[in-house]
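Please look over the sequence and the structure shown below before reading on.

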Amino acid sequence: MTTALEVRGLRRTYGSRVAVDSLDLEVTEGSVYGFLGPNGAGKTTAMRCILRLIRPDAGHVAIFGDTDPVQQRRHVGALIETPRFYEWMSGKDNLDIACAYAGLNAKDVVPEALMRVGLQDRGDDKVKGYSLGMKQRLGIARALLGKPKLLLLDEPTNGLDPQGMKDVRDLIASLAADQDVTIFISSHLLYEVQAVATRVGIIRKGHLVAEGEVEELIAGGDELEVEVGSPELPKLREAIDAISGAEWAGAGADRRQVVKLTHIDVPTFNRQLVEHGVPVAELVGRGRTLEDLFLELVGGTEI
Amino acid sequence: MPKQLPQMIMAELRKVLSRPTGWAGPVLSIVLPSIVVLGCLIVADKQEAMMQENPLVATMINIEPYTVVSWSLRTRNFFLMPMVLLLVTAQLFAGERSNKTLRSLLVRPVPRWSVLFSKFSAVTLYAGACLLITYLVALLPALLLFEGETELGGVSLGFLASWLSDAAFIAIAALVCTFTTSVAWAVVGVVIVMIGELAARGALEAIEFFGQTWAGRTLEYMPGNALEAWKGFDEAWSAPGFGMLVGMLVVLGGAALARFQRTDVP
């Protein structure tokens, strides 16, 4: 597999504060990499260093093997935080300017880019009349100009309504699946990253504290959590206490009980409940989420 | 050098002309010489009556095509047009840093210097276009309505020197803009630099007055002297003045470029 983005020993300080320290990342071609961290963890600083918007104090960045920043940017489309535009100009004019800098023929690429984000009917309107969500879409359209091989997206769903968020998620999924675009996405919406990312890196205080495939990270070892629903609650509690490897962990949703299972699988647990005379109305697996992992690693810091 | 540099410059020019401040330049370039032409017509009209009353003064006031074009240039270069150029430059450099639109340009596959260069070139082209408008608006009525000296080589060279002077002024503004992200502070900063330079020149003149010849020699190389070199072009070619303008442009432009290369654009 080709490495789309390789970061080694990236460091950036602001005075005595270390924003990013010895950051190592490797993003393989065609993957969707989720870059997570609490506020102020150094995500945006790292992305800006990767794009050379700010100068790293140390470190090495290679994009598709290129180490020269100009060559690197030929492969990259970027959306950093809330996108900014020449508000007094139309959306189309803004994309025209981006095309001029990218060396692209605006007539060939702008209509398609506007179409892709659903702004084809508003392209001639002045940006100052756009909603936050429309600006975000226009920012994504700008990042997509020139069909980049690597897309760096910093909080791409900021300001979007639920439908807009879903559209962006679908767009990311389709770019990765159909067009083989590698996507490096930072977001504080963990469920969103879990829905699209194949691999994640979690950064805290400038350091990468975890990195790996999403499925591996959330698999979480031998422990399982299930929610059991039964009309006979006292009997259920007694049975849970009696079954080896099962431990009551609190009340769940809809009067269900949360049970931690260690070294016992779900069918066995279900069978033993029945053997204890508990009428099981429902038994729902509770998978570990990226959010659980994140909270474990960053200690519940606000995200 | 990126292949798309001409498109980048045109994109910057498009930005300039899409704002009201951008239109102020062409409007002033029409209005100011028109006022000069009108003023010259009034003076020429009074000159005949004056010839009867005070022939000595009347002969001193000689309105000919050369005078009209020359005064149009002087009026254009006094305060208003430099202020417009300063505002346009500040919006394009400091303004884009403060509203973060510069970020979207710097993530494109072009070297950093070319972004600054395209902005600088756009404002310089804009200044040149405004000068051309002034020249034409002054020249045509001057030749049609006034008699006398039609040899305009010197003053035409003055227009060229003014363009160089504008470019050097834009370079000063660009350099100041690398120290601030505020348009207002950029304007104030350039004004402070200009006032400081004026004060330094005043001090050198005073020192020279007390017999220190080095002060006089230093004065010749002050930036303000170079910026005003265009005044010397309306009568004769001034190679040192021209050289100083070019030198200033290179030094200030280079300094702005060096600072911009090292500036973080978060």
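How many Å separate the centres of domain 1 of chain A and domain 2 of chain A, taken over C-alpha atoms? The separation of these centres is 43 Å. The model is a predicted one, in which local features need pLDDT of at least 70 and side-chain atom pairs count only at pLDDT 80 or more, while totals for chains, interfaces and linings use all residues. Residues are numbered from 1 along each chain as its sequence is written, and chains are lettered from A and ligands numbered from 1 in the order in which they are written.

**Domains of chain A**

- Chain A is divided into domain 1, residues 3-217, and domain 2, residues 221-287, with bounds that come from an automatic or database domain assignment.

**A sheet in chain A**

- Strand β1 (residues 3-14) of chain A runs antiparallel to β2(A) and is joined to it by eight bridges, and V7(A) stands opposite L25(A) in β2(A).

**Two helices of chain B**

- The axes of helix α2 (residues 20-53) and helix α7 (residues 112-145) of chain B come within 8 Å and cross at roughly 25°; axes are lines fitted to C-alpha atoms, for helices over the stretch in contact, and angles run from 0 to 180 degrees between N-to-C directions.
- Helices here are DSSP runs of H or I with at least four residues.
- α2(B) and α7(B) are therefore roughly parallel to each other, a term for angles under 35 degrees.
- Residues of this contact (C-beta atoms, placed from the backbone, within 7 Å) include G25(B) and P26(B) of α2(B) and Y126(B) and C130(B) of α7(B).
- The residues of the contact of α2(B) with α7(B) divide into 14 nonpolar, four polar and no charged, where Ala, Val, Leu, Ile, Met, Phe, Trp, Tyr, Cys and Pro count as nonpolar, Asp, Glu, Lys and Arg as charged, and the others, Gly among them, as polar.

**Where the chains touch**

- The contact takes 25 residues from chain B and 23 residues from chain A.
- α1(B) gives the most to the side of chain B that touches chain A, with five residues.
- That side of chain B has twelve nonpolar, six polar and seven charged residues.

Note on methods
Parallel < 35°, antiparallel > 145°, perpendicular 65-115°, else oblique. Contact = placed C-beta atoms within 7 Å. Pairing = 2+ DSSP bridges.
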